[in-house]
Amino acid sequence: MQHEIDLWHMQRAVQLATQGEGAVEPNPMVGCVVARDAEIIGEGYHRRFGGPHAEVEALKIAGQRAAGATAYVTLEPCCHQGKTPPCTRALLAAGIRRVVVALQDPFPEVSGGGIAELRAAGLTVETGLLAADVRQLIAPYLKLVETGRPWIIAKWAMTLDGKIATRSGASRWISGPESRAIVHKLRGRVDAVLVGRQTAVRDDPLLTARPSGLRTALRIVLDTHAALSSESQLIRTANDVPVLVAVGEESSPLERLRLKNLGCEVLVCPGETHADRLDSLLAELGRRRLTNILVEGGSRVLGCMLDARTLDEVHVFVAPKLVGGAAAPSPIAGAGIGEMTAALQLDQPEVRQVDGDTYIRARCSAGSSQGSPADRESCNRDR
């Protein structure tokens with residue numbers, strides 16, 4: 001009976017945690033339930049970065065009834081002073097006697113320390129309940145902490161025959177308005193939206209969320225030679241919404257200065273190939289603690305990421321249209337794979353109909369998320 005009660009409360013804590021998506025990054029989404037047997041006496045979740053943690057929210061509702069109760073937390077309580085005080089102290093001060101933790105926090109200043117502190121104080125601490133669910137929920141946070149790299153989300157819209165534009169380059173509109181609304185919601189919860197220069201030139205996009213979301217995404221353009229036109233929408237709005245132009249070391253200093261004077265941040269990314277420079281950029285975005293990056297193309301950028309196995313998640317909109325044409329582009333270029341057994345696998349894809357389009361959302365399989373040296377070399381050669 002106790003296991004069923006524990007499972008029920010932890011499921012609720014996971015459900016609560018999801019409500020912080022887009023507001024708490026680079027912190028993880030966390031939920032907490034305080035209960036006496038089957039009765040919930042307090043619950044909460046981490047609502048925003050810099051705000052109270054889930055445990056504090058739940059304990060505030062529970063009040064004095066928290067003494068002797070059990071706390072169910074999706075992630076190990078913090079034991080260090082950050083933007084808020086340690087949650088371990090709050091649990092101890094409230095008189096909690098038992099803590100059920102789904103997943104240990106790999107953050108270096110926690111990493112088992114919170115669990116150890118609670119046990120040293122005499123509390124019963126149990127771990128592992130719904131750990132796989134929580135690992136799935138906070139996968140972007142875990143990747144950032146464990147690898148120093150952001151979570152990469154690829155998005156594209158294509159026709160049923162796999163084309164992202166006609167042979168002349170026309171692409172408006174492949175998908176319907178409801179599909180495009182989903183994309184705007186995505187933009188409104190990520191830290192950055194990234195495109196290659198050819199996409200920026202061909203589509204002249206704004207890359208903003210309309211209506212605005214919880215976050216204002218940094219707009220990133222991969223532009224090796226710093227040649228993006230001053231008349232592009234991205235450049236003309238750079239003083240209103242941030243734009244970062246990632247350039248190569250060989251780019252003209254005068255062109256870099258032009259972009260800076262127009263309000264852009266210009267980041268010189270070292271590396272002899274496009275793949276090397278992209279790798280340098282992702283490392284820098286990780287250092288800045290950007291958690292989620294939405295990549296909207298073009299095909300060469302996505303192809304390079306597929307070759308290097310840096311993609312983590314895909315959102316694809318398939319329109320019931322046929323375009324044809326050998327010259328019409330497909331969503332992913334690059335070197336590609338030689339054998340079907342090397343294809344990047346997608347885990348448990350979600351498929352649904354949206355405004356006549358087929359919307360496919362999936363995570364990339366962890367087992368195939370790292371490219372081989374040969375894959376990376378192919379990506380380099382392709383550039």
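User: Why is C264 called buried?

Analyst: Its relative accessible area is 7%. Buried means under 20% (exposed is over 50%, partly exposed in between; 1.4 Å probe, protein chains only). So C264 counts as buried. The model is predicted: local features need pLDDT of at least 70, side-chain atom pairs count only at pLDDT 80 or more, and totals for chains, interfaces and linings use all residues. Residues are numbered from 1 along each chain as its sequence is written, and side-chain values use heavy atoms, with hydrogens and water left out.

User: How do you know how many disulfides the structure has?

Analyst: A disulfide is a pair of cysteine sulfur atoms within 2.5 Å. Searching the whole structure gives zero. C264 is in none, as the nearest cysteine sulfur, in C269, is 14 Å away.

User: Is C87 buried or exposed?

Analyst: Buried, because its relative accessible area is 1%.

User: What makes up the lining of the second largest pocket?

Analyst: This pocket has 29 lining residues. K155, W173, R187, D203 and E296 lie nearest its centre. By class, 13 are nonpolar, eight polar and eight charged. Nonpolar covers Ala, Val, Leu, Ile, Met, Phe, Trp, Tyr, Cys and Pro; charged covers Asp, Glu, Lys and Arg; the others, Gly among them, are polar.

Technical notes. On a 1 Å grid over the protein atoms alone, a cavity is a set of points where a 1.4 Å probe fits but cannot get out, and a pocket is an open set with protein on both sides within 12 Å along at least five of seven lines; lining residues have an atom within 4 Å of a point.
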